[in-house]
Amino acid sequence: MDKEIIFLPITDSTNEEAKRLAQKDAKEGTVVTADVQTAGKGRKGRSWHTGEKTTLAMSFLLRPYENVGLLPDQASMITLVAAVSVAKAIEKMMKKTGVKEVPEILIKWPNDIVINGKKACGILTEMQLKGCDIDYVVVGIGVNVNQNGFPEDIEDIATSMRMETGFSFDRDELLDGIMNEFGHFYPLFCSKKDLSLLKDTYEELLINKNREVKVLDPKGEYQGIALGIDHEGQLLVKLADGNIRPIYAGEVSVRGLYGYV
Ligand code: BTN
């Protein structure tokens with residue numbers, strides 16, 4: 001994928017900026033990154049705090065219908081492809097930077113990146129339709145890179161690459177690394193329009209695998225053992241009665257039994 005990177009000192013949200021560019025016919029592979037976001041967005045309508053020059057805030061544009069004929073209900077899988085790409089890129093960057101004992105960089109289903117049990121990256125993928133087809137998809141990635149600490153309300157669940165290694169990292173290099181990894185994994189996804197070629201890699205990184213999880217379903221919470229994912233990226237949870245239930249990320253959240261993971 002050819003990429004064009006737009007560096008901004010400040011914007012409301014790199015996702016919003018990427019969407020504005022998409023409306024002006026920007027090409028697949030357009031990447032927006034900013035030192036500061038004044039209205040960074042998280043999943044489920046939450047806000048996302050961007051530490052000035054310590055967070056990597058980036059969003060990139062895909063046109064998966066135009067280019068590979070992807071259908072709207074297949075688009076949610078892109079977020080899992082992005083999660084694998086981020087986890088691999090962080091690991092490679094830590095090794096390259098000389099971190100002696102690289103911590104495990106894992107994925108909490110569906111797409112949070114977790115280092116030593118705390119969240120170091122979140123991903124917000126947004127899709128715009130044109131009629132019944134996908135017009136574009138924006139993948140927004142926020143990585144806690146060089147923070148030294150977090151506000152009290154999230155310090156138990158949030159961490160940064162720096163806090164887990166003692167090293168600081170170059171955010172632009174990490175952006176490049178993420179785009180390179182995505183350039184490797186995304187074609188594997190596009191060739192099948194599902195995660196069959198990525199399932200093993202994803203599951204090797206899945207922190208929830210074979211662990212007890214609490215499924216926060218608005219219709220009622222329940223517990224089970226997370227077995228892995230299916231080819232569409234749904235989490236397969238084995239219930240106490242032995243039944244296996246596929247969980248769709250759009251509907252529910254998953255937690256560990258005693259905390260975030
Ligand atoms: C989450 O809630 O876990 C997702 C957070 C996604 C944050 C990133 S930062 C870059 C991009 N721009 C945004 O406004 N949000 C995403």
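**Pocket and ligand site**

The lining of the largest pocket consists of 16 nonpolar, 16 polar and eight charged residues (Ala, Val, Leu, Ile, Met, Phe, Trp, Tyr, Cys and Pro count as nonpolar, Asp, Glu, Lys and Arg as charged, and the others, Gly among them, as polar). The model is predicted: local features need pLDDT of at least 70 and side-chain atom pairs count only at pLDDT 80 or more, while totals for chains, interfaces and linings use all residues. Residues are numbered from 1 along each chain as its sequence is written, and side-chain values use heavy atoms, with hydrogens and water left out.

**Largest pocket**

- On a 1 Å grid over the protein atoms alone, a pocket is an open set of points where a 1.4 Å probe fits, with protein on both sides within 12 Å along at least five of seven lines; lining residues have an atom within 4 Å of a point.
- The largest pocket holds about 820 Å³ of space, a volume being the space filled by probe spheres set on the points, which are joined across faces, edges and corners.
- Its lining comprises 40 residues, and G42, R46, S47, W48 and K119 lie nearest the centre.
- Helix 1, strand 3, strand 6, strand 7 and strand 12 (253-256) each give two or more residues to this lining (helices, H or I, have at least four residues and strands, E, at least two, as DSSP runs numbered from the N terminus).
- The ligand takes up the space of this largest pocket (more than half of its atoms lie within 2 Å of the grid points).

**Ligand shell and contacts**

- There are 20 residues around the ligand, and S13, Q37, K41, R43 and K119 come nearest (a heavy atom within 4 Å).
- The shell divides into six nonpolar, 10 polar and four charged residues.
- Strand 6 supplies the largest share of the shell, four residues.
- Polar contacts are pairs of N or O atoms within 3.5 Å.
- A side-chain N or O atom of S13 is 2.8 Å from a ligand oxygen, and a polar backbone atom of K41 is 2.7 Å from an oxygen of the ligand.
- A ligand nitrogen lies 2.9 Å from a polar side-chain atom of Q37.

**Backbone features**

- W109 and P110 are joined by a cis peptide bond, with omega about 0°.
- P110 is in the loop between strand 4 (105-108) and strand 5 (112-115).
- K44, not a glycine, has a positive phi of about 55°.

Definitions and conventions:
Polar contact = N/O pair within 3.5 Å; in protein donor to acceptor, adjacent residues only side chain to side chain.
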